[in-house]
Amino acid sequence: MKVSETLIRQAAGGDEDALGALDRDTWSTLHAVLPAPVPPYEPFFDERHRPEDYLVAVRGGTVVGYVRVVPPTPLASNAHVRQIQGLVVAGSARGRGVARALLRAAMDKARADGAARITLRVLGHNAPARALYASEGFAVEGVLPGEFLFDGVSVDDVLMGRSLTP
C-alpha cells in the first residue's frame, strides 16, 4: 500500500535494527506502559514478536513507523479478532498521514487474515491517538479506570474496537 510518499509493507528480519531504534526514539509515557529502554537493548524481534506480525511504513527509504497486528489470544473462540498491539510513527513523519495509513493497512491485513473485528488498547491521556482511532470507526468499548500509574498520576486504559465487516 502506498500513501503519497509512504510505502506500507510487511516487516522483514532486516528491519530489526531500524524498528528497535524507532521504538527507543519515540518512547513516551503518552503511549508506553513499560519503562524507558536502556542498554543493553533487547532484540526487537523474538518468538512472541515476529516480523510477520508487523507492517512498516517507509518514506524515502527510511522506516518511519510500524503497527503490530496479532490475534489477541490463541483461543479458537476469538480467532475472528485481531488486535493492534503497538502503532509508532517517527517524530519526523508525524502529520503526514503515516499513522492513518498504518491503521488502514492493519485493518486490511486483519480482513485478509479472515478477521471480522479489530481491537486495541490506548492510554486515556493519549488524545491524538484516540482521535485518530475514532476517526477510523473505532469506538470506546470499555475503560479500566486508573489501570496505570505514571509518576503518581493515575491513567485509564481505554479499550476500543470496531467491526471489519460492512
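The side chains of arginine 117 and glutamate 141 form a salt bridge, with N and O 2.5 Å apart. A salt bridge here is a side-chain nitrogen of Lys or Arg within 4 Å of a carboxyl oxygen of Asp or Glu. This pair links distant parts of the chain, 24 residues apart. Arginine 117 sits in strand β6 (residues 117-123), and glutamate 141 in strand β7 (residues 139-150). Arginine 117 is partly exposed at 26% relative accessibility, and glutamate 141 is partly exposed at 44%. Buried means under 20% relative accessible area, exposed over 50%, and partly exposed in between (1.4 Å probe, protein chains only).

The model is predicted: local features need pLDDT of at least 70, side-chain atom pairs count only at pLDDT 80 or more, and totals for chains, interfaces and linings use all residues. Residues are numbered from 1 along each chain as its sequence is written, and side-chain values use heavy atoms, with hydrogens and water left out.

Strand β6 takes part in another pairing. Aspartate 157 forms a salt bridge with arginine 121, the closest N and O atoms being 2.3 Å apart. Aspartate 157 lies in strand β8 (residues 153-163) and arginine 121 in strand β6, so the pair ties together parts 36 residues apart in sequence. Aspartate 157 is buried, at 2% relative accessible area. Arginine 121 is partly exposed, at 47%. Salt bridges that share partners also join Arg50, Glu52 and Asp53 into one network. Within it, arginine 50 and glutamate 52 approach to 3.1 Å between their closest N and O atoms. Arginine 50 is partly exposed at 37%, as is glutamate 52 at 39%. The structure holds 10 salt bridges.

The chain carries 18 positive and 19 negative side chains. Lys and Arg count as positive, Asp and Glu as negative; His and the chain ends are not counted. The centres of the two sets lie 8 Å apart, each charge being placed at NZ of Lys, CZ of Arg, CG of Asp or CD of Glu.

Three helices and eight strands make up the secondary structure, in the order β-β-α-β-β-β-α-β-α-β-β. Helices (H or I, at least four residues) and strands (E, at least two) are DSSP runs, numbered from the N terminus. The radius of gyration is 16 Å, close to the 15 Å that the globule rule gives for 166 residues, so the chain is as compact as a globular protein of that length. The radius is taken over C-alpha atoms, and the rule is 2.2 Å times the number of residues to the power 0.38. Of the 166 residues, 40% count as buried.
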